[in-house]
Amino acid sequence: MASVHIPSLLQDLTGGADEVTAPGATVGELIEALEERFPGLRDRLCDGRRLRPAVAVWVDGEPSREGLLQALTDHSDVHFLPAISGG
Amino acid sequence: MRESDGVIPAHRARFPGSKTVTDTKTRKYQVIGTRPIRHDGVDKVTGRARYGADIHLPGTLYGKVLRSPHAHARIRSIDTSKAEALPGVKAVATAKDQPALADKIADLGEAVMNLRDLATNVLAVGKVLYHGHAVAAVAATSLEIAEEAIALIEVDYEVLPPVLSVEAAMQPDAPLLHPTLTTRSLGQQSETPSNIASHSKIKKGDVDAGFSQSAVIVEREFKTSPVHQGYIEPHTVTAQWSEDGSLTLWLSTQGAFSVRDQIAELLKIPVSQIRVVPLEIGGGFGGKIQVYLEPVAAVLAKKAGRPVKMTMTRAEVFMGTGPTSGSTIRLKMGASQDGRLMAAQAYLAYEAGAYPGSPVGAGSMCMLAPYNIENVQIDAYDVVVNKPKAAAYRAPGATNAAFASESVIDEICERLEMDPLEFRLKNGAKEGDRRADGPVFPRIGYLETLEAAKAHPHYSAPLTRSDDSDGRKYGRGVASGFWMNYGGQSTAYASVNSDGTINLVEGSTDIGGTRASSAMQCAETLGLASEDVKPVVADTGSIGYTEVTGGSRTTFATGWACFEAAQDVKRQMTERAARLLKISPDDLDLAGGVFTSKKDSEKSIGFKEVAARLGETGGPVVGRATVQPKGVGVAFATHVVDVAVDPETGKTDILRYTAVQDVGRAIHPSYVEGQMQGGVAQGVGWALNEEYYYDDGGRLLNASFLDYRMPTCLDLPMIDTVIVEVPNPGHPFGVRGVGEVPIVPPPAAIANAIYHAIGTRMNVLPMSPREVLEATGQLD
């Protein structure tokens, strides 16, 4: 199962846990699995069928442009961070 | 360092896996790492290169924008009748000529934008939110008539009090820029409206525990002003509609496809009806991604039925585009007696300008990235103020944050009596370490930059000379910096000409030599000379989707697309060569421009000969590739600077500057060095002189290069560059983006140098003569 680092602003939903594991072949499935355990978490991360525009998902040290469709492995390391742009 | 310099033994001894570009003994490429003349060079130095303002279409009208004289005001009414009646005026536009847009966030390439904010920034609706905010526009048969016409437009304003700092904007009773804006905090929204658009937080470990274990704690507050990218070419666009309803834009932009997407959303027309033709660009640095004039020109051209050309004046560029954020940063850091960083707690509040979207998130992610710190807490606030909407500027957000973190680290080093480079080596991040904001680093080269800086003659050179008796104070400072870089989508086509050369078509505006780096990666793959690849930057109708030239992505991602397109060419040409030699393609190798049988070296045929016979062997050969690559390599830099400060005037001179950077692989070292030097030059301006200067009413007072003081060649010494190559394992040639990180260390490095010169810590940017005199108590 992937390791998911819970943003500090969402840790009120996870009882203070800053890192959990969860199943999912994609980031979308992962979030659904997290929602089952921690109701309300999906709406904080997602706006409809996409990640919120201000949120980027990083998998294994890299930002993903594929959002909820980003594939995961059993060893994936997942972070939700501010979306950024360069100049 | 140039190619004639030698290897640095101490640096190589400690990190044998890295090398400088000067290590010619182990170079394994024929083209990559060389310095051919850039493919666009001749046109640019002879004046033949075509920039946006060089477009002249028959029947062109000239457009001008009327801008708000107020920083914050309600628009009661706009009367354009007198302007419309002026002979020569062919069209007038206000916001009512643009489709009304909902509050929709659109993904427009590298960044997301709120379309309603984008539209109302282009032409104000209901309120003006900064001095210079566009209110209306005119197209006329001459520029003079257009200027006369906008003066005839009567706007009735109700002036409102402006908020001009994050402190003022964050007060509970502050005037609100947007009555419905609430504070977003990762999916939650505050109940009451606020000028605080968002709050984000990074937390790791226990900062209280970390500080309790610290022998030294330093806590400081830092302030910076908005600064402009200072691109030498103003924004310019020519818009023309055809009878079938399609729109063509010729312009200066960092991203033709991003412009196409923005125009499609703003004007509610299909992307297939828009063609964006990027001309040569005179600088962007992040400031030429968002549209300003383009929708206005399109609307005017539609109304007039003629092409409309609009070019900003320099004052308009300052007032009406996107500087980077001013900021207030509070930072507390603690370290153990033996020099280990134990905890860091930061508060970042960045000015977004008139609409949400400062780079405070990126600043919070970059601030402490060079270091291993177990206990971190960073609170970051995006705050709207009555200034132009902030746009990206070269590693957006990171320079502000590094000014704070690298200054505090310098103070910790002083208290611990530790060498600042040794301290950074002790705490520096390496492969496998986890960043403060979470992701684990892959192979990186930060420690290598520190070692290279330490081994550089600059670091051990005497600070003063025997003839330095002019009363100035001398100091040396160091600082490091980090930027994440970006990947993104790119497309390339490579077609083989009958003379064996390659037409290489790609979609990345060439700002810093990327046509050359793309061509060189293609040439290396095919065993050709760089000049045998002819790169062309295409418009949106001629190349597949390509994201902006920004985020230090182009040599990485577009270069990768060119590499893959070349691989496609190689496969096809191998099959053709095999057919001509009557052997299996699996039997052939391509090296040095020649296909040779692995089994019989007598069986060979040149690439150029195969190219000359394509008609006989199956027709044209065109390779293509689209990429959205992973494996983006992050960037680190370490800088060393010597300054002299005149204690009577407060003026700081840069005496010597050395920029060290891990670039992964320098495709064309001259253009890598150029990026490093350019970033440093901008960082020096940011450090010493540049700021947006406002009066109490929020009017910008220094909207010209006379009063907005950017460095010239008279202000800077030769900037020495050290290219460190720790190849990025994620890229075929090891490339890391190089363009942005060099702007991150300079303000902190210079602040540290000034401290070591005069004994006073500077915590405000710019460190102008006035600020230095004020900090040293000479203006009381």
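A residue is called buried if 20 or more other C-beta atoms lie within 10 Å of its own, exposed if 12 or fewer do, and partly exposed in between, with the C-beta atoms placed from the backbone. This is a predicted model, in which local features need pLDDT of at least 70 and side-chain atom pairs count only at pLDDT 80 or more, while totals for chains, interfaces and linings use all residues. Residues are numbered from 1 along each chain as its sequence is written, and chains are lettered from A and ligands numbered from 1 in the order in which they are written.

A:Asp60 lies in the loop between β5 (55-59) and β6 (62-63) of chain A, where helices (H or I, at least four residues) and strands (E, at least two) are DSSP runs numbered from the N terminus. Because A:Asp60 has 17 C-beta neighbours inside 10 Å, A:Asp60 counts as partly exposed, and its phi is near 55 degrees, a positive value in a residue other than glycine. Most residues other than glycine have a negative phi, and most peptide bonds are trans.

In chain B, B:Arg394 also has a positive phi, near 35 degrees, and is found in the loop between β20 (375-384) and α12 (398-416); with 29 C-beta neighbours inside 10 Å, B:Arg394 counts as buried. A cis peptide bond, with omega about 0 degrees, joins B:Leu765 and B:Pro766, and B:Pro766 lies in the loop between α21 (746-758) and α22 (769-775) of chain B.

Chain B also holds an open, antiparallel sheet of three strands in the order β7-β3-β9, where two strands pair if DSSP finds at least two bridges between them. Since β7 (127-128) and β9 (154-159) of chain B stand at the edges with a single partner strand each, one side of each is left without a neighbour in the sheet.
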